[in-house]
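Here is a short briefing to read alongside the model. Take a moment to look at the fold, then follow the points below.

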Amino acid sequence: SQSPAPPLAPPPATPPAPTSSRSETDIMDERLKFTFFNACKLTVTDNLLPVDVGKMFYYYMVHSRPDKDLRIEPAQSSYKHIGPFFLALQAQGLCSLREVQRHLTLLAVNRQHPEYVAFVPRRPDNYVPPRTDKSKPAPVPDTMKAARVSTVYQLSPHMKPIGQYVFRAVSKAVDAVPLPDLNKPGFTERDLIELLEKYISKNQLFTTAPPEMGFTEAYVRLNPVLTAALWPPRKGDRAEDYPETISVSEARTRFTENAEVYHTVTPRVAFKDPVTKRGSISPLCINLEERQGGQKHVTRVR
């Protein structure tokens, strides 16, 4: 009777070292495959897929080397480039790829393949295990946190009389409260609305809608100061060009729109001070572009 065939030997648990009987090309082929298995076993979980093959190599395979001095250079392998290496893995049933205009993306890893199952990973010195508890995301370093952007307002020249009137009244009522600097931004939208309503209330300008309008929404009688704040004067305007009353909702909207808009950017780093700038914030576009078939990545900031 014939004896059973011996079982297939599992891949080596350590990257192959050069020997006199093997060529440098064969050794580099085995190192590429070793780092691919090592990265998939230790770092590249299924939730990280799909991933560009260039990113898979430079971000994961290179950093999964047990020894940082171990060279893995696709140019010295039989594949010459990283793309043919991944195509060979797909031909062996170890992974599946998507190719669009010669651009390869790793879609999945066949973790049931016998060669993958038999592989014993070797952890690098700086190995950090991937998180499996998705309910508690990993803490983000302060330097990586997004800055907080808030909108603040400054009173326009025609709105400052309202602010001066209200804050002087408050200062008289409460033991010499210092007046805020009206020449600096620092009002929120809610602050502007409260400022307007306090001015209207102290001057007893609340009224109701004219009877012919058929409803009783709160209205405001306009005086010269309030009119100038809601409709900044223009050359040639006459008093009869403005209405005598206005709804409270429209007054709030106009008062907020006439204020000067600023934006305050507050970094999430303790030693950075907030920065306030007038006007809107220009959008920032960061693109990661790939060159040379995914072997080179360029970051463009616009």
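**Strands and sheets**

Strand β3 (residues 103-109) is joined to β1 by two bridges, and the two run antiparallel. This is a predicted model, where local features need pLDDT of at least 70 and side-chain atom pairs count only at pLDDT 80 or more, while totals for chains, interfaces and linings use all residues. Residues are numbered from 1 along each chain as its sequence is written, and side-chain values use heavy atoms, leaving out hydrogens and water.

- Helices (H or I, at least four residues) and strands (E, at least two) are DSSP runs, numbered from the N terminus.
- Two strands pair if DSSP finds at least two bridges between them.
- Within β3, Thr105 is the bridge partner of Asp52.
- The order β1-β3-β2 describes an open sheet of three strands with antiparallel pairing.
- Its edge strands, β1 (51-52) and β2 (95-100), each pair on one side only.
- Another open sheet has three strands in the order β4-β8-β9, and its pairing is antiparallel.
- Here β4 (148-154) and β9 (275-278) stand at the edges with a single partner strand each, so one side of each has no neighbour in the sheet.
- Four bridges link strand β8 (residues 260-266) to β9, and these strands run antiparallel.
- Thr264 stands opposite Thr276 in β9.

**Helix α1**

- Helix α1 (residues 24-42) has 19 residues and reaches 26 Å from its first C-alpha to its last, close to the 27 Å expected at 1.5 Å a residue; the expected span is 1.5 Å times one less than the number of residues.
- α1 is mostly covered, with 14 of its 19 residues buried. Buried means under 20% relative accessible area, exposed over 50%, and partly exposed in between (1.4 Å probe, protein chains only).

**Salt bridges**

- A search of the whole structure finds eight salt bridges, each being a side-chain nitrogen of Lys or Arg within 4 Å of a carboxyl oxygen of Asp or Glu.
- Arg71 forms one with Glu24, their closest N and O atoms being 3.1 Å apart. Because Arg71 lies in the loop between α2 and α3 (82-91) and Glu24 in helix α1, the pair ties together parts that are 47 residues apart in sequence.
- Arg252 forms a salt bridge with Glu197, with the closest N and O atoms 2.4 Å apart. Arg252 lies in helix α8 (residues 248-258) and Glu197 in helix α6 (residues 189-202), so this pair ties together parts 55 residues apart in sequence.
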